[in-house]
Amino acid sequence: MVEHSSLDTMFLSKYCASSSSSSSSSSSTSSSDREKRLLRALRGSLAKKYPQKSGEVLSAQYGINLLLVGVSLMLALAYRGPSSEETVLAFLTALMLVQLTWMVCYMVRRERRRSVPPERDVHAATSWIRGGLTMLALLSLIMDAFRIGSFVGYQACVSIMLGVYPVVHALHTVSQVKADGCCAVVYFVWWCGRFGVIHAVFTNLLLWSNGVMTEAEHALNDHKRRLAALGYFNFTVEPEEPSCNCTTSACSIFSSSLYYLCPFNIEYHIFVSALLFVMWKNIGRTLDHQTNQKRASAGGSCLLLGPVLGLLALASSITVLIIYIIHVEESADAREAAISMFYCFGIVILACMSVAGALGLLIYRVEDWPMDTTPNPARTLDSKLLLGSSVGSWLLCWCSVVAVGGAQSYPSYRWSNLAYALLLVLEKCVQNLFVVESLYRRRREPGECSARSPAAHEIFSVTASMAPPYDGIVNHAFESPDKHREVLESSNTDKPALDKKTKDVALAVAHGAQDTPSRKRQVLKNIAIFLFMCNISLWILPAFGCRPQFDNGLEEASFGFPIWSTVLNFALPMSLFYRMHSVAALFEVFRKI
């Protein structure tokens, strides 16, 4: 079509030279009108997007400053500054009450506008997200009940904020789960919508930070107590329970159970923060409701090897956790044996995970699935969080490498610690690549051909049967009308042959797509479920007290106790978040495959 149009234009320019000046003036006028229309459309689009961008910037600045205020109070509490635990809890309680007020106002306004159907956020309201959120919220409510029970026992000598905080936190948890599950919408037309959602995002981030600091302080006190019991250092550990006597017999049960439920509460708040952030990004956007629907699975399901190996890894990790906690409190030889056992288990499971992730990447390269370019804020956030949260583990690994290289002592786990650190770096690199590759790939449609298939190259190539012969430079302006007519007739004569060839190519492509085996997809599903279970296993170990970075002594001897404890307090929460976020991302990969 383009060549014939150029022929016609040149033909007219030869035999209708008198009309060239008028056509040039009309073309310049039309181009200027086109530029004016383009400028008007650009100004209109900028005027429409300006309020949305302005709202995003203002609400983001409000949330960041809110976070910094809370972090400042917590740091002052950690270093025994002017802030106290009651001050931090009062600040967090006030933030939760503000969020509860906003959610009540939103629900009342939504009830008044029941005739207007809200647009559900398909990125933030899937069934498996609601299920996981509800399970974590239930465990958080149990922890709040234990806190209330502990306050009742010690109410004679503790602040009333220790009783008010768990009550408000329980109400906040119930309301938030209901709001996230039933009202995950992007229909926010009033000005405080963005500020309400970003307030909820950073309130949950501060609650997560408070839980992380409480859990880190408990782990550090346990480490000091073990070192003092073994005679390494003479630490003074402050008592974690109040000084007065408990009025009930269950206070010790409540206090000890809190630290087993704390990891679930921590993951709940960071999970909700990510979910609310996606909702905040989707405010004012028009979402494609088909982007998150699960496609029908082709072929039978053969999920056997992945779940079996994953359950084996999970059972092994629980066994290692129990043995480690028991033996690390005993003599130095038992402690060294427990640390060596942990590193050997870690080397095996990390090697298996690295091989599985590399196999998945190889399948993607061989299968050549097309890229999924649809806009999806949740997927973008998942990719960034995976890379960002990997920094904590990588920092611990390279500190371990430096410590092993310059160690003066020679424990039995020295080289296993080195191998574990290097394998952990490799495993996270491979797993990140596999998850991101899976999230940004999609299955090929039945009529869609691969970019590497011969049919695709034939369609998009210029062959001798599809193009006229070309020999040098041809000036069509000096050709006669008879020659131009012959070219048009020859092109019309070849058109049926071209249509038949194109149809044959399309049938071959469709037939190849139908014959694509589903065995590779089943392998990818097994890899995803295996990595899913392994990440749960590697989350359980440090979350419930299996932390050889505190106990092996190599890093502590190289960097000193204050520096190494600070690094651990920063890196271990990020490592725990990485594992739980990988669990959520791998489940999404499993659904997508």
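What is the mean pLDDT of the protein, and what percentage of its residues reach 70 or more? In this predicted model, the mean pLDDT is 76, and 68% of the residues reach 70 or more.

View 1. Where pLDDT is low, the predicted coordinates should not be read in detail.

**View 2. Helix H9, residues 332-367, and the residue that comes just after it, Asp368.** With 36 residues at 1.5 Å a residue, H9 should span 52 Å, and the distance of 53 Å between its end C-alpha atoms agrees with that expectation. Just beyond the end of H9, Asp368 adopts a positive phi of about 55°.

**View 3. Packing of helix H9 against helix H11, residues 414-439.** Two packed helices are described by the angle between their axes and the distance between the axes. For H9 and H11 the angle is about 30° and the axes lie 8 Å apart; because angles under 35 degrees count as roughly parallel, the two helices H9 and H11 are roughly parallel to each other. Their crossing is left-handed, and the residues of the contact of H9 with H11 comprise 17 nonpolar, 8 polar and 3 charged.

**View 4. Packing of helix H14, residues 519-543, against helix H17, residues 561-592.** The axes of H14 and H17 are 9 Å apart and meet at an angle of about 160°, which makes H14 roughly antiparallel to H17. The crossing of H14 and H17 is left-handed. Residues of H14 in the contact include Phe532, Trp539 and Pro542, while those of H17 include Arg579, Met580 and Phe587. By class, the contact of H14 with H17 holds 15 nonpolar, 2 polar and 2 charged residues.

How values were computed. Residues numbered from 1 in each chain as written. Predicted model: local features only at pLDDT ≥ 70, side-chain atom pairs only at ≥ 80, totals over all residues. Heavy atoms only, no water. Axes fitted to C-alpha atoms, helices over the stretch in contact; angles between N-to-C directions. Helix = DSSP H or I, 4+ residues; strand = E, 2+ residues; numbered from the N terminus. Parallel < 35°, antiparallel > 145°, perpendicular 65-115°, else oblique. Left-handed = near helix turned anticlockwise from the far one by under 90°. Nonpolar A, V, L, I, M, F, W, Y, C, P; charged D, E, K, R; others polar. pLDDT = per-residue confidence, 0-100. Expected span 1.5 Å × (residues − 1). Contact = heavy atoms within 4.5 Å.
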